[in-house]
Amino acid sequence: MARVCSLFHSLVLVCSLLFASETLVFSRILEKRPPLVPGLSWNYYFPLECPTLEWIIRTNLEKAFKNDSGLAPGILRLFFHDCFANGCDASILLNAPDGNDEKSHPANIGIRQEALLAIEELRRVIYKQCLPVVSCSDILVVAAREAVRQMGGPDFDVPLGRKDSLTFDLDGPNNLPPPFFRTEQLLEVFGQRNFDATDVVALSGAHTYGRAHCSSLVNRTIESDPPIDPDFKNNLVATCPTPQSSNTVNLDVRTPAKFDNMYYINLLNQQGVFTSDQDLASHPQTKEIVNLFASNQKEFFDSFADAFVKVSQIDVITNRQGKGEIRDRCFVANKKVSVEAVAEEMMELAEAI
């Protein structure tokens, strides 16, 4: 009996030590997280409103990415073009009856229709399991994180609690930095939103997968500054003989479908597809960061995760402002929903119940 009691007390002590250790580790993890905008939370939908939200998005995208690996960079680009243009409010998803919306802006050429449809499909599935409590803007943020994680990148938490915008801003995409920007211009544009040089280099690493249209890389086929590997340049010219060519080029010539640090190794080999990419490897404020990320993937992953969370909080709409909504459909603001759309949503609600 004494041995049993002794064993019991030992187990209690071990469990207490383990719990204390895990609590300390968890508190350290919390300390490392970027600060949150008021109104956002790390567990916004848990445990009541939609505790299975991230599981729903993760499992559904696993299937989608297996069928189309290009969907992942498409969703990540959609996320950045939404957030950096006009704030993370899902305004890029809104359709205009005449087609004159954010997606029609020249900066958004190449936005994948499949990525747009994937977010709406996730909204439909979530609606069935949780009812209309999750915003399209939050769905896009979680989906973009999954587009990184599932293709080999870091796994990290994202804060939630955004509301969707009621309309879009046709001038918003003017805030997006073009691919022919030099580093000095990138640092200025990002600096206006409180991003530093490490953030800029880390976010540029999103070009470690995906494809570019010929119209966005014409500078690299006719200029030698920033420097370009001759064979790489010849391949670009062969693929994109003119800016009007409909061909596309892998942003990463080595691992085009994987989220890794190979992008930075490409830059050191003067094989950056965009001017804005290659110039990072020689600018005095960014070249050492490029070298660090090329030699240490974990440093890149950690910096990218922090920068991603910062991007995800740009000009968000939360309950505190009271200016947003949870859209019944991602492509249409609630006040503009048609009779057919209402009928469709009622059918979805009936199925969910």
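**Disulfides, a helix pair and some annotated sites**

Okay, let's start inside: cysteine 50 and cysteine 130 are both buried (under 20% relative accessible area; exposed is over 50% and partly exposed in between, with a 1.4 Å probe and protein chains only). Before I go on, this is a predicted model, where local features need pLDDT of at least 70 and side-chain atom pairs count only at pLDDT 80 or more, while totals for chains, interfaces and linings use all residues. Residues are numbered from 1 along each chain as its sequence is written, and side-chain values use heavy atoms, with hydrogens and water left out.

Cysteine 50 is in the loop between helix H1 (2-32) and helix H2 (53-67) and cysteine 130 is in helix H4 (residues 113-130), so the pair ties together parts 80 residues apart in sequence. Helices (H or I, at least four residues) and strands (E, at least two) are DSSP runs, by the way, numbered from the N terminus.

Next, cysteine 136 and cysteine 330, with sulfur atoms 2.2 Å apart. Here the torsion is about -95 degrees, so the disulfide is left-handed. Cysteine 136 sits in helix H5 (residues 136-149) and cysteine 330 in the loop between helix H13 (297-311) and helix H14 (339-352), so parts 194 residues apart in sequence get tied together. Both cysteine 136 and cysteine 330 are buried.

Then there's cysteine 214 with cysteine 240, sulfur atoms 2.0 Å apart. That torsion is about -75 degrees, so this disulfide is left-handed. Cysteine 214 counts as buried at 1% relative accessibility, and cysteine 240 is buried with a relative accessible area of 5%. If you number the bonded cysteines of the protein chain in sequence order, the pairing reads 1-4, 2-3, 5-8, 6-7.

On to the helices. H2 and helix H3 (residues 71-86) pack at about 120 degrees, axes 8 Å apart. Axes are lines fitted to C-alpha atoms, for helices over the stretch in contact, and angles run from 0 to 180 degrees between N-to-C directions. In H2, Leu61, Ala64 and Phe65 meet Leu71, Ala72 and Ile75 of H3, contact meaning heavy atoms within 4.5 Å.

Now the annotations, which may be inferred rather than shown by experiment. Beyond four places in sequence, serine 91 touches residues including Asp82, Glu102 and Arg327, and aspartate 89 contacts Asp82, Lys163 and Arg327, among others.

Last one: the unreviewed UniProt entry's "binding site" annotation also covers His207. Histidine 207 lies in the loop between helix H7 (197-204) and strand E1 (211-213). Leaving aside neighbours within four places in sequence, histidine 207 contacts Leu251, Asp252, Tyr263, Phe274 and Asp277.

Key. A disulfide is a pair of cysteine sulfur atoms within 2.5 Å.
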